[in-house]
Amino acid sequence: MDYEIALKKIYDIATTSKPDIVLKTIVEFLYENFKKYSWIGIYIIKENNLILGPWKGSQATEHTKIPIGKGICGSAAESGKTEIVDDVTSDDRYLACFISTKSEIVVPIKRKGNVIGEIDIDSDIPNAFNKDDQLFLEKMADIIVDFIQ
Ligand code: SME
């Protein structure tokens, strides 16, 4: 799906759905419409840990609580910068969830400059994520921040 169309759809979901189902609906929308997004999760920061919220994928992850600073997820939370890993096997920080994962993107969700959560996407395809994914997901993060406590 085209990223501009997807952003409009995400905005529509955010403005017309019941607030308590917005994050879940958006995660499912991404899973259905971007085939290279194999697993999508939203983590929310609580007391120096990332706690897994809504997610969609073929399997559950054991990493439902990740300390800030640990893994690709914890690194992005610490730095406040998007992480793109083209080949997860070549990154020492990587916390493995699924044997099928080849690449990963983690996009911080910020409120007034502070990281309050993040979007984590795994792909079964190597080098799956580019600048367009990054820009798209960073814009999405700005939309969904209002639905995180
Ligand atoms: N791979 C992540 C952990 C979360 S799972 O991908 C769902 C990491 O290295 O932080």
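**Figure 1. Residues lining the largest cavity of the predicted model.** In this predicted model, the largest cavity is lined by Tyr43, His63, Ile66, Gly71, Ile72, Cys73, Tyr94, Leu95, Cys97, Glu104, Asp120 and Asp122. Its volume is about 80 Å³. The count of cavities of 30 Å³ or more comes to 1. By class, the lining of the largest cavity comprises 7 nonpolar, 2 polar and 3 charged residues.

**Figure 2. Secondary-structure elements around the largest cavity.** Two elements, helix 3 (71-79) and strand 6 (114-123), each contribute at least two residues to the lining of the largest cavity. Helix 3 provides the largest share of this lining, with 3 residues.

**Figure 3. Packing of helix 1 against helix 4.** Helix 1 (residues 3-16) and helix 4 (residues 131-144) have axes 10 Å apart and pack at an angle of about 15 degrees. Because angles under 35 degrees count as roughly parallel, helix 1 is roughly parallel to helix 4. The two helices, helix 1 and helix 4, form a right-handed crossing. On the side of helix 1, the contact involves Tyr3, Glu4, Ala6, Leu7, Ile10, Tyr11 and Ala14; on the side of helix 4, it involves Asp132, Asp133, Phe136, Lys139, Met140 and Ile143. The residues of this contact of helix 1 with helix 4 comprise 9 nonpolar, no polar and 4 charged.

**Figure 4. Packing of helix 1 against helix 2.** The axes of helix 1 and helix 2 (residues 22-33) cross at roughly 155 degrees and come within 9 Å. Since angles over 145 degrees count as roughly antiparallel, helix 1 is roughly antiparallel to helix 2. The crossing of helix 1 with helix 2 is right-handed. Helix 1 contributes Ala6, Lys9, Ile10, Ile13 and Ala14 to the contact, while helix 2 contributes Val22, Thr25, Ile26, Phe29 and Leu30. In the contact of helix 1 with helix 2, 8 residues are nonpolar, 1 is polar and 1 is charged.

**Figure 5. Packing of helix 2 against helix 4.** Helix 2 and helix 4 have axes that cross at roughly 160 degrees and come within 12 Å. Helix 2 and helix 4 are therefore roughly antiparallel to each other, and helix 2 passes helix 4 in a right-handed crossing. Leu23, Ile26 and Leu30 of helix 2 are in contact with Phe136, Leu137, Met140 and Ile144 of helix 4. The residues of the contact of helix 2 with helix 4 comprise 7 nonpolar, no polar and no charged.

Figure 6. In helix 1, Ala6, Ile10 and Ala14 take part in the contact with helix 4 and in the contact with helix 2. In helix 2, Ile26 and Leu30 contribute to the contact with helix 1 and also meet helix 4. In helix 4, Phe136 and Met140 meet helix 1 and also meet helix 2.

Methods:
Residues numbered from 1 in each chain as written. Predicted model: local features only at pLDDT ≥ 70, side-chain atom pairs only at ≥ 80, totals over all residues. Heavy atoms only, no water. 1 Å grid on protein atoms, 1.4 Å probe; cavity = no way out; pocket = protein on both sides within 12 Å on 5 of 7 lines; lining within 4 Å. Points joined across faces, edges and corners; volume = space filled by probe spheres on them. Helix = DSSP H or I, 4+ residues; strand = E, 2+ residues; numbered from the N terminus. Nonpolar A, V, L, I, M, F, W, Y, C, P; charged D, E, K, R; others polar. Axes fitted to C-alpha atoms, helices over the stretch in contact; angles between N-to-C directions. Parallel < 35°, antiparallel > 145°, perpendicular 65-115°, else oblique. Left-handed = near helix turned anticlockwise from the far one by under 90°. Contact = heavy atoms within 4.5 Å.
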